[in-house]
Amino acid sequence: MTIRYEANPPKIIPGVDTDESILKFIEKIKIISKKCDAIHLTENVLGYQRASPIDVGRIIKKEIPNLPITTSLRIRDKSEEEVLEFVKNCIAVGFSGILVLMGDSSHTEKQDSGLIPSTIVRKLREKRFDSKIDLYLSISNKPNFSKIGKKIQARPKGFMTQVVQNIEQVQNLSDNLKGFSVIPIVLFPSEKNEKSAEFLNLDLAAYSQGFDEFVKKIHAITGDVLITSPSDFSGLDKFLGKIRIQT
């Protein structure tokens, strides 16, 4: 059973010791890594500046060398040269995969690069980077499959979804993306994550009852699932311990 944990590196906040924040973050990863199979590090989620996933990942690989790590690569505020440097660093650190995405609008004054995720993946494949690291693209939880031709033609390793909230969404994605890995993202249902659910327009009640069975059904379809819990680390940690015992 492949269960991934989505982890947001600490924000860079004036007056707050970033190195200390990173150390606290690493300690959490050490705890939860005993109950999951891999982690996914985000990059500047919601456009806020955060510690580099590469810097954080480098520490994690030293502390937990056998833990697979994937990371997000937001291209909205990077040049092609910066994208290539990011990818090379991921390979050097030992990451297993990269999710190439546009990324949320930045809270800085930096202008959008104009780069397109599917085009970046295609160019990385042309340079044979896909032989050294898995490349993923993001996809809607209910896409119009007639309009994702460029993503399909880019031939990524697979797709990480927007947050899903029912089995039908997962089955539809799996049925229409044959030949690609599909990694559904699920928001852990808890009171602490209600604001995130509202932001994502999710109905936690739709799957909060029997969440363990919900996760197992998703995994039975795709063989992979990524769980995010931005405001409830301890709740998810307990859940992962429980589901590990069950399996």
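Student: What makes Asp-224 and Arg-4 a salt bridge?

Tutor: This is a predicted model, in which local features need pLDDT of at least 70, side-chain atom pairs count only at pLDDT 80 or more, and totals for chains, interfaces and linings use all residues. Residues are numbered from 1 along each chain as its sequence is written, and side-chain values use heavy atoms, with hydrogens and water left out. A salt bridge requires a side-chain nitrogen of Lys or Arg within 4 Å of a carboxyl oxygen of Asp or Glu; the closest N and O atoms of Asp-224 and Arg-4 are 2.9 Å apart, so the pair meets the definition.

Student: Which parts does the pair of Asp-224 and Arg-4 tie together?

Tutor: Asp-224 lies in the loop between helix H8 (211-222) and strand S8 (225-228), whereas Arg-4 is in strand S1 (residues 3-7), so the pair ties together parts that are 220 residues apart in sequence. Helices (H or I, at least four residues) and strands (E, at least two) are DSSP runs, numbered from the N terminus.

Student: How do you know which label Lys-24 and Glu-20 receive?

Tutor: Lys-24 has a relative accessible area of 55% and is therefore exposed, while Glu-20, at 42%, is partly exposed. The two form a salt bridge as well, their closest N and O atoms being 3.6 Å apart.

Definitions and conventions. Buried means under 20% relative accessible area, exposed over 50%, partly exposed in between (1.4 Å probe, protein chains only).
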